[in-house]
Amino acid sequence: MTADVWLPIPPDEIDGLPEGPDYRFWNGGEDFPADPADCAFYVVPYMKPSPLCVRPMGRMSNVRVVQTLSAGIDHVEPGLGRLRAGVRLCNARGVHEASTGELTLALILASLRGIPDFVRAQDRGEWLGGFRPALADKNVLIVGYGSIGEAIEDRLVPFEVARVARVARSERTTARGPVHPLTELPALLPEADVVILSTPLSETTRGLAGADFLSRMKDGALLVNVARGPVVDTKALLAELETGRITAALDVTDPEPLAREHPLWRAPGVLISPHVGGPTSAFLPRAKRLLADQLNRYVNREPLRNVILTTGASTD
């Protein structure tokens, strides 16, 4: 195959790329590296705004594969309607599990043990003691039990949590126990000390953590969002935070980024990290391995990994 492959990583920095395609480097610059109509395999720039990512897609009349370097695909969904039927959309399952799992545990531990308070006290030169909750013996609920949810549970196990409950779109059984359907979420929320959101953003999950969801959380519970900002109703969360009834640790927000004057910055009991679940030193090695594997599969006409959907295919 001699059609173009657009990569957001310079091709000479990726070991194991197959011979055949013409590799074009494009990481969101104003000028395209070649005619988009010649692109057969489009790897979407990572951590770039949605309008930039979808900008060339309407001109990619011969594209066969769109590959994201993120677990979520919501940033490319606006461009899917511009593509011909039969284009496979693949996500980056396997790339972000380690980094996102690490950050999830960091946010939980920092929130429970009061690390932000210690940092502020250090700035003041103040020795701030006190009694803090531990993660040990807590009930944890993971909402969104895909590969990232599994990675989070892997990292929870050594902390001696009392129980991990799992929720996904569909009910199933895993080696670690049952995965409950979303319909059982209202009954599970009141039992959880820590609620972790790691679900994809979809029409089903947009606003999932709204007023009813949050009101069902037990007093003193911690909400952790490492999914997408719009999974949480920001107005409803602010109302709960202002009462002091629950706390939150957010790697993603709605809107994003937060304006300087946004009330979430100053809400009590909230820890905010600026959407850094994925971009760590673990990203590039895993992303490069994924791309080399996918492109070898593509050139050799083998089944691709992580196919989320095919444009024009029935969703029934």
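How much space lies in the second largest pocket? The second largest pocket holds about 390 Å³. The model is predicted, with pLDDT of at least 70 needed for local features and 80 or more for side-chain atom pairs, while totals for chains, interfaces and linings use all residues. Residues are numbered from 1 along each chain as its sequence is written, and side-chain values use heavy atoms, with hydrogens and water left out.

**The pocket**

Among the 18 residues lining the second largest pocket, Pro 116, Arg 120, Gly 269, Val 270 and Leu 271 are the closest to its centre. Helix H3 (97-113), helix H4 (115-124), strand S12 (247-250) and strand S13 (270-272) each contribute at least two lining residues. The lining comprises 10 nonpolar, 5 polar and 3 charged residues.

**The aromatic residues**

There are 7 aromatic pairs in the structure, a pair being rings of Phe, Tyr and Trp (its six-membered ring) with centres within 6.5 Å. Trp 26 and Tyr 42 form a tilted pair, because their ring centres are 6.4 Å apart and their planes stand at 40 degrees; planes under 30 degrees apart count as stacked, over 60 as edge-to-face and the rest as tilted.

Trp 6, Trp 26, Phe 32 and Tyr 42 together make one aromatic cluster.

Definitions and conventions:
1 Å grid on protein atoms, 1.4 Å probe; cavity = no way out; pocket = protein on both sides within 12 Å on 5 of 7 lines; lining within 4 Å. Points joined across faces, edges and corners; volume = space filled by probe spheres on them. Helix = DSSP H or I, 4+ residues; strand = E, 2+ residues; numbered from the N terminus. Nonpolar A, V, L, I, M, F, W, Y, C, P; charged D, E, K, R; others polar.
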